[in-house]
Amino acid sequence: MANLLEVKDLEVSFKTHGGEVQAVRGVTFSLNKGEVLAVVGESGSGKSVTAQTIMRLIACPPAVIKNGSIRFDDRTDILSLTDKQMEAVRGSEIGMIFQDPMTSLNPTMTVGRQIAEGLIKHQALSKSAGLDKAVELLQLVGIANAKERANQYPHQFSGGMRQRVVIAIALACNPKLLIADEPTTALDVTVQAQILDLLKELCDKLGSSILMITHDLGVVANIADKVIVMYAGKVVERGTARELFYDPKHPYTWGLLRSIPRLDTDDTMDLIPIEGTPPNLLNPPQGCAFAARCPYAMDICTTRQPEETAVSESHAASCWLMHSQAPKVDHGLMLGGANR
Amino acid sequence: MARFIVRRLLYAIVTLWVIITLTFVLMHSIPGQPFNNVDKMTPTILAHLNYTYGLDKPTYQQYLIYLNNILHGNLGTSFRYEDRTVNSIIGTGFPVSATLGFEALIFSVIIGLALGVYAALKHNTWADYTAITIAVLGVSVPNIVLGPLLSYYVGVKLGWLPTGEWGGFEYTILPSITLGMTSLAFMARLMRTSMLEVLGMDYIKTAKAKGLSNREIVWRHLFRNSLLPIVTILGPLVVNIITGSIVVEETFAIPGLGSSFVESITDKDYTVIMGTTIFYSALYILSLLLVDICYGFVDPRIRLAGGRD
């Protein structure tokens, strides 16, 4: 499988009055054609900034892309494209879905026109051909009475329906890559599942890859082939979804897995939260960023950054515990908590 | 939509009736009388005058007679100028005020919006600061200062435009600028704030993610949504511009309705006070109604709430 997207050593900072916030600190990953890659992490881990940098949607200033390259579809670095060239990539080759469907549609434009806009621009369709195609797309994302619905405004749609419209907009031009930035976070749980199924089904049909930003491990289990776990602007662990759920190596990943509630547990199991708060990225710690919250932290963890250590060809983690001289720890991991 | 308008018109009539009654009561509770140079007339003459204008009747009867007249479209005769009816005073004064107000409105809306859009698009650059400085100046310099300054420098010193009076188009330019300046500044600031707010909205990001150019985003997504607060203030603004022209009319010696309104109050010219107040109120209510209808066109969410389209 060929690489569709290759992000290398990406560093993004924000200039603020208080100093420079290092939101993304050297992120490297790649995504193959047709694959679903999930980026997992808590708020402030830099996952959304990474996604928006790939789309070149972050405002510079205040953001500064300090280092790194983003190669898309074996072509030149996205970061070196002109604004005009980037416009041709956005919407046509990379589509994007945002978190909150209640605010991501223009309230004063009909849904049909909002879908047609990208088509008219990228595929040089006439206005009426664009609108016809928009109706087809609405049918494709499962909206009944698509012809009538296309002439309605976003406020006449429910949250789940709006997210379907947003998906239709993102997939309108058959993009090779779909970036979904927490597409189900703002939705009801039952609607979440429908939207995920729809996304998976459509991307299979169109052959699009998905970069899924999420903090919901349930979503990951449902949809992802590969996962990267981000913490404080760095990738701490990467692997296939299977490897990450069954053989996680990084204490942060353990913590994430322990904090998911399960349906089949009784009250002898406690959910175990990760104590503490993420480090301040104005002044990131010298050693491992997770050391301050890590129950297994050693002296070296606070002074030196761990290198990435490979477990298998697809699985790697950045943790001193994986060093040959480190003590073996028994994390007693069980999904959804641990026995008392 | 039709039902909505009819309902609003009914409300308007009730509102007008309240205004008429209040004005009538207030006017009659001020001490003094329309014919107050009593020492110069004999009691017989005064009694005769009062009889002629119906002032000898009890107040409630005067009120009922007045209401009846209004229903027949008759606003009465001026107490001060016996040969002029209130209808004719409004008829000659209002077109002048309206022309002036209309030009001022066009001027302030077009330039104000342009300035606001420009400032927002060039946010935090010197262009933005310049536009905002102009806007702040416009808000803080009152008509009564700006009018004479323009009249003196452009009219007298440069001699480009007439300094006052009412004639062709060239007579309207300076007063329109004077009258429109405050609204222009207000408009510019509101538009800038509104644009900046909409710029931060998620749907602008969606539009960008579609690959639209900045220009397409500004005109298709940003501009229309930023107009909503502007439309809201447009109604009061229109009336403000039309009625607030008294100072400007005095400065430039323009025979508009504003000056008649002010004079009538000092003269205790009951019928003219009542007539102009009712006229202005009706205008105000009407423009608010128009704005609500316009609002529906700009914002589809309002259209549904207001009734069926």
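A quick word on what we're looking at. This is a predicted model, where local features need pLDDT of at least 70 and side-chain atom pairs count only at pLDDT 80 or more, while totals for chains, interfaces and linings use all residues. Residues are numbered from 1 along each chain as its sequence is written, and chains are lettered from A and ligands numbered from 1 in the order in which they are written.

Strands and helices here are DSSP runs, numbered from the N terminus: E with at least two residues for strands, H or I with at least four for helices.

Which strands does β7(A) pair with? Strand β3, residues 36–40, runs parallel to β7(A) and is joined to it by five bridges; there, A:Leu37 has A:Leu211 as its bridge partner. Strand β6, residues 177–181, is also parallel to β7(A), again with five bridges, and A:Leu178 is partnered with A:Ile210. Pairing requires at least two DSSP bridges between the strands.

There's a helix in this story too. β6(A), helix α7 (residues 189–206) and β7(A) form a right-handed β-α-β unit. Right-handed means that, with the strands pointing away from the viewer, the path from the first strand over the helix to the second runs clockwise.

Now for a contrast, A:Gly276. It sits in the loop between β10 (269–270) and α11 (299–303). Buried or exposed? A:Gly276 counts as exposed, because it has 10 C-beta neighbours inside 10 Å. Setting aside neighbours within four places in sequence, A:Gly276 contacts A:Ala292 and A:Arg293, a contact being two C-beta atoms, placed from the backbone, within 7 Å.

Finally, the whole chain. Chain A has eleven helices and 13 strands, and 45% of its 340 residues count as buried.

How values were computed
A residue is buried if 20 or more other C-beta atoms lie within 10 Å of its own, exposed if 12 or fewer, and partly exposed in between; C-beta atoms are placed from the backbone.
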